[in-house]
Every structure is written in structure tokens, then in C-alpha cells.
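These are my notebook entries on one structure. I looked things up element by element and wrote down what I found.

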Amino acid sequence: MNLKTVSEIKGTNQNKTGERELLADSFGTSYKNTRERTIEAIERDMESAMPEYILHRAFTSQIIINRVKQKENLVIDNVRDALKHAVENGVKTLIIQPTHMMKGFEYQDLAEEASEYRALFEYMAVGEPLLTSEEDFETVIRAITEDTKEYDDGETAVCFMGHGTEAEANQVYKKLQSILLQKGFTNYYIGTVEAEPSIEDVLREVKKGSYKKVVLQPLMIVAGDHANNDMAGDEEGSWKRKFERAGYEVSCVLKGLGEIELIRHLFVSHAKAAGELFLPETGKE
């Protein structure tokens, strides 16, 4: 069986080597269309903004890596394999830029794996996830409200579905909600699939308003399994069905955050910030 690499699919630098590498790490998705519109779009923007680096890709989820290999005959490294390949290829400067939302368990695991290889590179840095600084929160708020402003008609609640985590970082969802309210976006609601605020929390808040319609959109980098099933699915427990049963006209927007230009630019800025730690023109760390 001839397994295809990323470079053979989209013409990226996946098989190229150089002394400087930018490793783009994502949780991953087996939904090809959303992967192209989100993860690959982020990678293209980073590659364009930082041409002095060779961009490689890694996925965090081995389950998704296996699915993509089976469905598309496409090989994608996990983080450990990507780090091993970087060492083998003689990389001296390595920036790892995750497309994670927050400093949750995935980000912590990535940082720990990277630290095991730190001594094998002259320079290594792990970029920040999407929601880190106060400016990041402001940018994400602007991105999602501008992207959905067509629904701001006075009778529509715009509800974003995040993943959620048991990690302390889960507080970013409540923080986003708080900032939305402070800025007057009172028809915007943030919930999660696997933590708090839950769908029940969101539904209870929406019911306090006089809305007739509800728009559901994922607060995730990709519109994958959770967006298609937990949010927009026809199963009894989906967000769509729960809002419909509550009497609302429901529209589902299967659009990952990675499709929004402002979001992609934020990841680029984090990668650049990581690179500025040791680029010759800005001084070594």
C-alpha cells in the first residue's frame, strides 16, 4: 500500500527539512472538508508569515490519525513522532505552535512531551494557545461577533458550543461569556459539551430572553464530530433537538473557528512571538 504524506496531498513542506522548523500541532479531525478549511488554512497562514521555517504537521489524537490513514491513506505524525523526525532531520531551532483553545490537558501534555526533547535542539519554544492573554480574549470576541453579526436581529440567540475540560483552564468559557455581556452582546451564549456551562445552563439563560430563533455554532477550531453530532445532530440529546423541543427555530452553522481570518492571525501572532525568543535579529534566549 502506498501511503500518501501531507505534502503529496496539499503541496506543503511536510517532507522538506531545514535547520528551522515550525511544528503545527492540532488535535485533528477525520472530517476532510473542515480540516482543509481550518487546520490547513491556519498552517498556510503560518507558513506564509514565517517563510524562514519549514512547516510540519502533527495531530494530538492517535485515534484521528488512524482514521485519516484508513479513510484517506494519508499519514500524519503524532507529536512524539514529529519530534523524533525533527531530531533525525537535523533541526536546530524548533517552534511548536498548537492550535489548542486553552492551556488544558492537551496543551500540558504537549509541553511535557516537548520538554523531553528540549536538550536535542539548540532552541525550542512552544507557542501559546488561542486564549491566553487579555488581548486574545478581546480578539476572539471580536472575531465571533463580527462573523455572526447577520444574526443580530433582536429575536435570535447566538449560542456557541465549546468542548469543555476538567482542567482549570475551563474557566475561559465563563470569562468569554462575561466579556460578551460587558460589551453588550447580551444575545450571545457560551456553553460546552463536556463541562460547564452545560447545554442546560445555556438553555436556561436563553429562556430568560424573548428569542424566537437560535443559531448554533461550534466554539472549536474545527467543525468535527462534536459539531456535527452533539450540536447539529438529530439524536435526542443534541443541542439542536433540545432547543427545538423548547420551541425555538434552530439553525446550525457548521463552521470551525479556524475558518475565521482573525482567529488564524491570532495563531500566527503566537507562533511569531515564540520565534522572537531566539531569532538572530531579535537576540538569542
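**Entry 1**

I began at Ala-24, which stands opposite Gln-97 in S6. This is a predicted model, so I keep that in mind throughout.

Next I followed S6 to its other partner. S6 and S7 run parallel and are joined by 4 bridges. I looked up Ile-96 and found Val-126 as its bridge partner in S7. Between these two strands the chain passes through helix H6, residues 105–117, and the β-α-β crossover is right-handed.

How many residues of S6 are buried? I found 6 of the 6 residues in strand S6 (residues 93–98) buried, so the strand is largely enclosed by the rest of the structure. I then sorted the residues by face. Thr-93, Ile-95 and Gln-97 lie on one side, Leu-94, Ile-96 and Pro-98 lie on the other, and all are buried.

Strand S3 (residues 54–59) pairs with S5 in the parallel sense over 2 bridges. Phe-59 has Asn-78 as its bridge partner in S5.

**Entry 1: His-270**

I turned to His-270, which sits in helix H12 (residues 261–275). Is His-270 buried or exposed? Its relative accessible area is 10%. The cut-off for buried is under 20%, so I count His-270 as buried.

I listed its contacts, leaving aside neighbours within four places in sequence. They are Gln-97, Gly-127, Glu-128, Pro-129, Leu-130 and Asp-136. Gln-97 was already in my notes as a residue of S6. Pro-98 came up here as well: its C-alpha atom is separated from that of His-270 by 9.3 Å, although the two residues are 172 residues apart along the chain.

**Entry 2: strand S8**

I moved on to S8. I found 7 of its 7 residues buried. Thr-156, Val-158, Phe-160 and Gly-162 point one way, while Ala-157, Cys-159 and Met-161 point the other way.

S8 pairs with strand S10 (residues 213–218) in the parallel sense over 6 bridges. Val-158 has Val-215 as its bridge partner in S10. S8 also pairs with strand S9 (residues 188–192), again in the parallel sense, over 5 bridges. There I found Met-161 opposite Gly-191. S8, H8 and S9 make a right-handed β-α-β unit.

**Entry 3: Asn-170**

Where does Asn-170 lie? I found it in the loop between strand S8 (156–162) and helix H8 (171–182). Asn-170 is buried, with a relative accessible area of 11%. Its side chain reaches the backbone oxygen of Glu-196 at 2.7 Å. Beyond four places in sequence, the contacts of Asn-170 include Met-102, Gly-164, Thr-165 and Thr-192. Ala-195 and Glu-196 are also among them.

**Entry 4: aromatic pairs**

I counted 3 aromatic pairs. One of them is Phe-185 with Tyr-188: edge-to-face, 5.6 Å centre to centre, with 80 degrees between the planes. Phe-185 counts as partly exposed at 23% relative accessibility, whereas Tyr-188 counts as buried at 1%.

I also noted Phe-243 and Tyr-248. Their ring centres are 6.0 Å apart and their planes stand at 65 degrees, so this pair is edge-to-face. Both residues are buried.

**Entry 5: confidence**

Last, I looked up the pLDDT. The protein chain averages 92, and 91% of the residues score at least 70. Where does pLDDT stay under 50? One stretch is residues 1–14, for which the model has 34 contacts beyond four places in sequence. Another is residues 281–285, with 12 such contacts.

How values were computed. Residues numbered from 1 in each chain as written. Heavy atoms only, no water. Buried < 20%, exposed > 50% of the residue type's maximum accessible area, 1.4 Å probe, protein only. Polar contact = N/O pair within 3.5 Å; in protein donor to acceptor, adjacent residues only side chain to side chain. Contact = heavy atoms within 4.5 Å. Pairing = 2+ DSSP bridges. Right-handed = clockwise from strand over helix to strand, strands pointing away. pLDDT = per-residue confidence, 0-100. Phe/Tyr/Trp six-rings, centres within 6.5 Å; stacked < 30°, edge-to-face > 60°.
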